[in-house]
Amino acid sequence: GVPVVYVSLGTVLTSDLPTVGWESREADGEGKAFGITSKQLVQSVFRAAFDEFGAPEVAEAGRGSFTEACSNGAPLIVCSTGPQPDALDGLAVPPNAVCRSYIAQVDLLSSGAVSMFVTHGGQNSFTESMAKGVPLVVVPGFGDQPVNGRKAESLGLGLAVPRPKEDGDAVLSEYVRDLRQAMRGVLEGDSYRAKAREMAEAIRGAGGAGRAAEIVIGLAEAGRGRPH
């Protein structure tokens with residue numbers, strides 16, 4: 001009966017890949033690295049969620065169950081932390097947060113319990129969220145993710161918070177502040193929920209895999225000059 005905030009930054013930013021993984025930064029056309037690392041990005045997102053929605057008063061009172069932590073209206077925060085052993089280093093995890101290295105994402109989004117999905121905006125996560133009618137905060141790292149963040153905003157499905165192009169304590173503090181503001185805005189924004197529901201209905205009415213197969217076969221036949 002309480003809102004669920006789901007946070008997952010995917011499998012690439014949290015990987016050991018040298019160019020886009022945990023210790024990597026963005027690079028310019030000459031290969032020069034700049035901005036924050038993927039680790040800093042991911043941990044800033046976790047920190048923002050914990051700071052904005054955490055229930056520290058429960059921890060201070062010596063109580064720690066999820067039921068008690070959420071009894072005052074605080075949301076349940078569900079975090080998929082990925083495989084890195086230091087994913088939560090230096091972070092104070094509030095008692096109303098569940099942090100696991102792996103979460104069955106499609107099952108969770110399909111449950112109807114998720115009020116907001118904080119995501120890197122990869123195409124799979126972006127599509128899954130739209131199909132299940134869940135509003136988004138997109139925190140892009142690279143590739144198609146910034147584009148999907150802009151799509152989320154243009155479609156009214158949520159907000160995007162760009163990856164900082166510089167590093168430093170002041171930059172990270174401002175990044176966390178912007179993340180908190182976006183998370184609160186989407187969680188409490190009725191328009192985002194309405195647009196997300198409309199998108200899910202549109203996707204359900206689009207014909208699914210069967211219709212996609214028809215289109216692909218039709219294009220293939222047209223390419224061979226056959227009628228369809």
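Reader: What makes β1 and β4 a pair?

Author: Two strands pair if DSSP finds at least two bridges between them. β1 and β4 have five bridges, in the parallel sense, so they pair. Valine 4, for instance, stands opposite leucine 76 in β4. Before we go on: this is a predicted model, in which local features need pLDDT of at least 70 and side-chain atom pairs count only at pLDDT 80 or more, while totals for chains, interfaces and linings use all residues. Residues are numbered from 1 along each chain as its sequence is written, and side-chain values use heavy atoms, leaving out hydrogens and water.

Reader: Why are β5 and β8 called edge strands?

Author: The open sheet has six strands in the order β5-β4-β1-β6-β7-β8, with parallel pairing. β5 and β8 (158-160) each pair on one side only. From one strand to the next, the twist averages 15°; axes here are lines fitted to C-alpha atoms, for helices over the stretch in contact, and angles run from 0 to 180 degrees between N-to-C directions.

Reader: How do you know that α1 packs on the sheet?

Author: By its contacts, meaning heavy atoms within 4.5 Å. α1 touches β1, β4, β5 and β6, and its direction makes about 170° with that of β4.

Reader: Why is glutamine 40 placed in a helix?

Author: Helices are DSSP runs (H or I, at least four residues), strands are E runs of at least two, and both are numbered from the N terminus. Glutamine 40 lies within α1, residues 38-53.

Reader: What makes the link between glutamine 40 and aspartate 167 a polar contact?

Author: A polar contact is a pair of N or O atoms within 3.5 Å (within protein, one able to donate a hydrogen and the other to accept it; residues adjacent in sequence count only if both atoms are side-chain atoms). The side chains of glutamine 40 and aspartate 167 come to 3.3 Å, so the pair qualifies. Glutamine 40 also touches Arg25 and Leu172.

Reader: Is aspartate 86, which meets lysine 39 in another salt bridge, buried or exposed?

Author: Buried means under 20% relative accessible area, exposed over 50%, and partly exposed in between (1.4 Å probe, protein chains only). At 16%, aspartate 86 is buried, whereas lysine 39, at 23%, is partly exposed. Their side chains meet at 2.8 Å, N to O. Aspartate 86 lies in the loop between β4 and β5 and lysine 39 in α1, so the pair ties together parts that are 47 residues apart.

Reader: And what makes aspartate 190 exposed?

Author: Its relative accessibility is 53%. Arginine 193, its salt-bridge partner at 2.0 Å, N to O, has 26% and is therefore partly exposed.

Reader: Which residues have the most contacts inside the largest nonpolar core?

Author: Val7 and Met183, in a core of 34 residues. Such a core joins buried Ala, Val, Leu, Ile, Met, Phe, Trp, Tyr and Cys residues through side-chain atoms within 4.5 Å.

Note on methods:
A salt bridge is a side-chain nitrogen of Lys or Arg within 4 Å of a carboxyl oxygen of Asp or Glu. Lists of a residue's contacts leave out its neighbours within four places in sequence.
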